[in-house]
Amino acid sequence: MIPTPIYSVSDPVSKLPGCGPKRAEALAKLNITTVGELIRHYPRGYQNRGDVRSLKEAAHGETASFVLTVGTQPTTVRLRGGKNVTKCRAVDDEGSCTLVFFNQPYIKDILRVGAVFRFWAKATRSRQGALELYPTAVEQVTEYKRLRGFFPLYPLAAGLTQKFMSQLIEAAISGIQPDKLEEVLPESIRAVFGVCGEYEAYRCLHFPENFADIDRGRTRFMAEELFLFACSVTRNRETRKQGCAPVMKMESSRFDVFLQHLPFELTRAQSRTISAIRKDMLNASGTPMARLVQGDVGSGKTVCAAAAAYMTVRNGWQCVLMAPTEILAAQHYRDLAPLFEGLGIEVELLTGSTRAAEKHRIYGLIASEKPLFVIGTHALLSEGVELGRLGLVITDEQHRFGVMQRSALAGKGAANHGVTPHVLVMSATPIPRTLALILCGDLDVSVIDELPPGRQRVDTLVVGEEHRQRLNGFIDAQVKSGGQVYIVCPTVESKDEADEEGADFLHMGYTALPARGESNSTPVDAANTVGIGAEGENLWFLPEDMQRKTEKQQGESKPPLKSAVDYAEKLRTEVFPQYRTEFVHGRMTGAEKDRVMREFAAGNVDILVSTTVIEVGVNVPNATLMVVEDADRFGLSQLHQLRGRVGRGKRKSYCVLVSSAKGENAVKRLNIMKKTSDGYEIAKFDLEMRGPGDFMPSAGNARQHGEFRFKLAGMCSDTGLLQLAYAQAQQLFEGDPELVSPEHSGLKKKLDELFQRGSAALN
Ligand code: ADP
Ligand code: MG
């Protein structure tokens with residue numbers, strides 16, 4: 001007997017059977033290079049083939065499992081274009097149907113009359129009641145072999161199939177010795193959460209026997225993610241307390257000079273926030289400031305950051321402000337440079353497109369340790385720039401709270417003369433207070449809950465597909481009168497299943513998972529092998545394009561989600577050929593995105609079709625209309641964020657949410673958007689309706705390089721679970737702050753690894 005090979009989680013995937021260089025490369029596109037990463041590639045759904053339907057129950061348009069006896073010899077008929085179709089009759093106890101296979105003539109040799117098979121198939125019924133099945137999987141039923149009930153569906157990349165993925169994962173898991181896995185969750189924590197061990201969880205998630213298994217696996221890994229996050233936050237806070245920051249001095253009279261240079265009076269909320277910042281920075285004990293300034297778009301966070309920068313430079317230190325994109329950095333520079341020049345403080349803009357000579361000049365200034373205010377992108381700290389006298393780091397629009405980056409930042413400063421810089425984070429994502437205390441537990445939070453006077457309200461409408469003509473008319477009118485229009489779509493290209501930058505795929509996948517006993521309509525995934533599976537298993541998939549054809553032919557599936565690329569093309573060629581339409585999405589490079597955004601900001605583009613990448617705040621005061629397609633697919637906070645892109649100038653502005661969703665919850669959620677423009681109220685509602693998952697940093701987020709890669713926590717619908725994780729993390733660090741106990745070694749290793757990754761992303 002050949003002994004089972006043994007794998008460790010750090011082995012490269014290429015060590016697994018059947019995984020050559022080509023496939024390893026394809027896996028790398030999914031961020032899978034090691035065995036450990038492979039087994040953490042969770043299914044995004046399952047086919048419940050164990051839930052067998054009788055033909056009488058088969059509903060039009062539904063995909064399900066049927067166990068049938070082949071009734072007639074299959075016959076193949078040629079179609080135009082070199083295609084063919086093979087058909088035969090099949091029966092169960094209660095009825096009969098026609099099985100239809102496109103371009104699979106060899107199915108004849110498999111489907112012998114009288115033999116019994118399990119088919120995973122989509123059903124159609126003609127008006128006369130004739131039933132046709134379009135199988136995408138065929139497994140022979142024999143008395144020797146029990147057929148598996150659940151088939152995992154994995155997120156795939158080009159060159160990979162479901163069959164390959166599940167075989168590879170099976171090989172990996174059976175080759176791992178359970179006791180060699182280093183448990184991240186200490187036993188006591190597992191007990192509190194009531195979750196199983198790591199190995200058991202892999203089995204449950206990849207090869208479930210029933211729904212309870214799926215739940216068990218999911219709950220375990222979700223608890224792990226929440227707990228790790230809570231630990232990182234807790235550890236960050238503890239580490240910060242040990243840091244030593246520059247102690248600033250500034251009398252009120254000197255600070256008043258700053259206030260006198262502002263073109264407006266501060267709101268009460270701004271004053272409160274600035275006082276808190278002053279108190280942090282003047283703190284004689286030298287504990288570094290780590291403050292989050294949270295406020296809705298347009299609430300005036302920038303001036304609070306400016307106040308902190310002013311104090312820093314006046315005290316002889318350097319300050320950097322980092323924005324997520326070049327265009328935002330440039331915008332900050334334009335807004336702030338005049339103010340600081342008036343105060344006699346030098347401001348420099350340093351981004352990827354700064355010319356070499358200019359870069360060198362600025363590097364020189366930085367190296368000279370001259371007091372200075374530098375504005376740039378997040379790349380600022382990663383270009384090997386030595387900031388010898390870094391006193392304050394400000395980061396803007398950190399939508400998903402980069403907890404690892406924050407701690408890496410503090411570490412970076414500590415390398416400079418042992419000084420930890422103060423950190424100020426600005427975020428426009430309103431989160432309910434209860435949640436902020438946990439998700440940003442390492443930060444002190446200031447909330448700007450008041451808008452500067454005289455802001456206009458954006459009128460919001462929710463419309464269905466039947467209003468398309470009128471909507472187009474409205475878009476036309478906006479552009480004609482000199483305005484500009486944003487149109488946001490949930491996907492990049494039509495073949496995509498879900499938004500790649502907002503929601504994560506697992507979230508979508510699991511929502512598609514039916515509740516117990518309900519029908520399973522999860523579509524068959526893009527599998528592109530034809531042929532018989534492992535010997536005796538008779539696992540069989542249709543090629544991908546075929547599958548699409550079958551879907552189209554039946555024509556009953558939901559209308560596809562609007563995708564940015566295709567929709568932009570349609571607008572450009574059919575609907576508004578007279579206007580300038582461009583698109584922008586997360587798969588474009590930063591430079592491409594910036595170019596399009598710049599064109600839009602300059603008024604050279606009338607209609608900008610995009611995915612949620614534009615969520616991050618570029619200011620285009622001339623934009624008057626925000627249209628969100630398939631609006632029910634977005635979180636409310638996200639919609640609120642998108643709406644904040646318009647109404648920034650003097651022109652009356654509108655937000656149109658397009659949705660065909662009829663569900664009670666979807667309708668209720670979208671109506672909230674009509675009712676209020678208060679981001680906190682919206683966030684609170686979102687939290688109640690969907691749980692804290694939407695507020696968690698998500699896996700698919702492009703801005704999250706080196707960040708926490710949450711895969712499951714995005715589906716967390718239970719705030720209690722998050723609270724429990726946080727309480728447990730605090731308790732654990734109280735008892736064992738350095739994580740020296742052997743029981744915590746797996747946890748320590750994992751946290752260190754996450755920290756390393758966060759630092760690496762900065763360097
Ligand atoms: P955000 O919080 O979205 O970053 P900004 O700081 O960019 O908001 O401020 C939005 C606009 O409001 C800017 O044009 C800014 O000059 C203006 N602003 C900020 N504070 C006040 C205030 N207290 N009174 C009047 N205008 C203000
Ligand atoms: Mg801002």
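I began with strand S6, and found that two bridges join S6 to strand S8 (residues 131–140), the two running parallel. I take strands as DSSP runs of E of at least two residues, helices as runs of H or I of at least four, both numbered from the N terminus, and two strands as paired if DSSP finds at least two bridges between them.

Before going on I noted that this is a predicted model, in which local features need pLDDT of at least 70 and side-chain atom pairs count only at pLDDT 80 or more, while totals for chains, interfaces and linings use all residues. Residues are numbered from 1 along each chain as its sequence is written, chains are lettered from A and ligands numbered from 1 in the order in which they are written, and side-chain values use heavy atoms, with hydrogens and water left out.

S5 and S6 form a hairpin, with two residues between them. Is S6 enclosed or open? I found six of the eight residues of S6 (residues 95–102) buried, so the strand is largely enclosed by the rest of the structure; buried means under 20% relative accessible area, exposed over 50%, and partly exposed in between, with a 1.4 Å probe and protein chains only.

**The chain as a whole**

I recorded 23 helices and 22 strands for the protein chain, and 55% of its 763 residues count as buried. Of the contacts with a separation of 6 or more, 75% are between residues 24 or more positions apart, contact meaning heavy atoms within 4.5 Å.

**Cores**

Which residues touch the most other members of the largest nonpolar core? Among its 80 residues they are Leu-27, Leu-38, Met-165, Phe-227 and Leu-747, and helix H6 (residues 211–242) gives the largest share of this core, 12 residues. Apart from it lies another core, of 41 residues, including Ile-277, Ala-305, Ala-307 and Trp-317. I count as a nonpolar core a set of buried Ala, Val, Leu, Ile, Met, Phe, Trp, Tyr and Cys residues joined through side-chain atoms within 4.5 Å.

I then followed Leu-747, which, leaving aside neighbours within four places in sequence, is in contact with several residues, among them Glu-183, Phe-227 and Leu-739. Leu-739 has a positive phi of about 55 degrees although it is not a glycine; it sits in the loop between helix H22 (719–735) and helix H23 (745–762), and counts as buried at 3% relative accessibility.

I also looked at Thr-312 in helix H9 (residues 302–314), which is buried with a relative accessible area of 0%. Its contacts, neighbours within four places in sequence left aside, include Met-248, Met-281 and Trp-317.

Not counting residues up to four places away in sequence, Tyr-579 touches Asp-476, Val-479, Lys-480, Asp-606 and Ile-607.

One of these, Asp-606, meets Arg-580 in a salt bridge (3.0 Å, N to O), a salt bridge being a side-chain nitrogen of Lys or Arg within 4 Å of a carboxyl oxygen of Asp or Glu. Asp-606 lies in the loop between helix H18 (590–601) and strand S20 (607–610) and Arg-580 in the loop between H17 and S19, so the pair ties together parts that are 26 residues apart in sequence. I noted that Asp-606 is buried at 10%, whereas Arg-580 is partly exposed at 44%.

The structure holds 35 salt bridges in total. In another that I looked up, Asp-449 pairs with Arg-272, the closest N and O atoms being 3.7 Å apart. Asp-449 is in the loop between strand S16 (444–448) and strand S17 (459–463) and Arg-272 in helix H8 (residues 268–281), so this pair ties together parts that are 177 residues apart in sequence.
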